[in-house]
Amino acid sequence: MIHTASRTNEGPSFSRRVIDLERYEDVYVVGDVHGCYEALDTLLSTLELGEDDLAVFVGDLVRKGPESAAVLERIRTSPQLLSVRGNNEQKLLDGEASLPELDEADREFLTSLPTAIAWEDGLVVHGGVDPSRPLGTHSDGDVLTMRSPDGDGYDGPFWFDAYEGPPRVFFGHTVLEEPLEREWVIGLDTGCVYGGALTAYDLRRERFVSVSADGYQNRPDAKFVDVEKR
Ligand SMILES: [Mn+2]
């Protein structure tokens, strides 16, 4: 009889890579890039990552902006850069969208992306988690697309207004006017592809590092969430 590892008793039912943060010096978590290679390059230059540093991306590396292939190549060839899967990577994998410029190495990289990257008291996912349910009950699809537990719209209520960890969740997917820093949530999608900023959270110094970005798509103001005004 072949014994396969059961996931039921070993944590959440979504795919997860666990890392040991003590292995790294500086650690950053970075918001949605969406093919904005220039902004990515500027941010990485600003962070000055050394061999012992790490940056984890919240997914949505691709689509909407002009240089998805360059973004993927940069991330997959840099040992200091890791990413979770976003809903836009999932759309490519599911055949719901296509980017003809991607090559076989890009596709293998997309397939390899976990839904979550976790450490002792932190969790990086693209969308978020439903505050009304235990983490272990979430599927890959749940954490990829969570915005409001009641739907995918921008009308709220948003999951991150009700969530009380642990773990602290680092997320993108919902475009924010400003990065969000609360005890249990760090929101990082500041809409670089819409002319906002590309944002990193510096875990060691507990501060944001943002670079401004050229916009490639228009977005109505109502779809930038202004957390302070709600
Ligand atoms: Mn996105």
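This briefing describes the fold, the metal site and selected backbone features of one protein model.

The model is predicted, and local features are reported only at pLDDT of at least 70, side-chain atom pairs only at pLDDT 80 or more, while totals for chains, interfaces and linings use all residues. Residues are numbered from 1 along each chain as its sequence is written, and side-chain values use heavy atoms, with hydrogens and water left out. The protein contains six helices and 11 strands, where helices (H or I, at least four residues) and strands (E, at least two) are DSSP runs numbered from the N terminus. Its radius of gyration is 17 Å, close to the 17 Å that the globule rule gives for 230 residues, so the protein is as compact as a globular protein of that length; the radius is taken over C-alpha atoms, and the rule is 2.2 Å times the number of residues to the power 0.38.

**Overall dimensions, packing and charge**

- Taken along the principal axes, the box filled by the C-alpha atoms of the protein is roughly 55 × 45 × 40 Å.
- Of the 230 residues in the protein, 51% are buried, a class defined as under 20% relative accessible area, with exposed set at over 50% and partly exposed in between (1.4 Å probe, protein chains only).
- Among the contacts in the protein with a separation of 6 or more, 65% are between residues 24 or more positions apart, a contact being heavy atoms within 4.5 Å.
- The protein exposes about 11,200 Å², of which carbon and sulfur atoms supply 43%; accessible areas come from the Shrake-Rupley method with a 1.4 Å probe, and for residues only the protein chains shown count as cover.
- There are 22 positive and 44 negative side chains in the protein, and the centres of the two sets lie 3 Å apart; Lys and Arg count as positive and Asp and Glu as negative, without His and the chain ends, and each charge is placed at NZ of Lys, CZ of Arg, CG of Asp or CD of Glu.

**The manganese site**

- The manganese ion has Asp-32 (OD), His-34 (NE2) and Asp-60 (OD) as its protein donors, at 2.2 to 2.4 Å; donors are N, O and S atoms within 2.8 Å of the metal (3.2 Å for Na, K and Ca), and water is not among the atoms, so sites may look incomplete.
- Along the chain, the donors of the manganese ion follow the spacing D-x1-H-x25-D.
- Asp-32 is buried at a relative accessible area of 3%, and His-34 is likewise classed as buried, at 4% relative accessibility.
- His-34 lies in the loop between strand 2 (27–30) and helix 1, and its phi is near 50 degrees, a positive value in a residue other than glycine.

**Other backbone features**

- Most residues other than glycine have a negative phi, and most peptide bonds are trans.
- Lys-64, in the loop between strand 3 and helix 2 (68–76), also has a positive phi, of about 75 degrees, although it is not a glycine; at 36% relative accessibility, Lys-64 is partly exposed.
- A cis peptide bond, with omega about 0 degrees, joins Gly-156 and Pro-157, and Pro-157 is in the loop between helix 5 (140–145) and helix 6 (159–162).
- The peptide bond from Pro-166 to Pro-167 is cis as well, with omega near 0 degrees, and Pro-167 is in the loop between helix 6 and strand 7 (168–171).

**Loop residues and their surroundings**

- Asp-53, in the loop between helix 1 (37–47) and strand 3 (54–57), is buried at 7% relative accessibility.
- Beyond its neighbours within four places in sequence, Asp-53 is in contact with Tyr-24, Glu-25, Asp-26, Glu-48 and Gln-80, and the C-alpha atoms of Asp-53 and Leu-81, 28 residues apart along the chain, are 8.9 Å apart.
- Phe-158, found in the loop between helix 5 and helix 6, is buried at 3% relative accessibility, and its C-alpha atom is separated by 20 Å from that of Gly-122, which is 36 residues away along the chain.
- Pro-131, in the loop between strand 6 (122–125) and helix 5, is partly exposed at 30% relative accessibility.
- Not counting residues up to four places away in sequence, Pro-131 touches Pro-149, Trp-159, Ala-162 and Tyr-163, and Pro-131 and Glu-164, 33 residues apart in sequence, are 7.1 Å apart from C-alpha to C-alpha.
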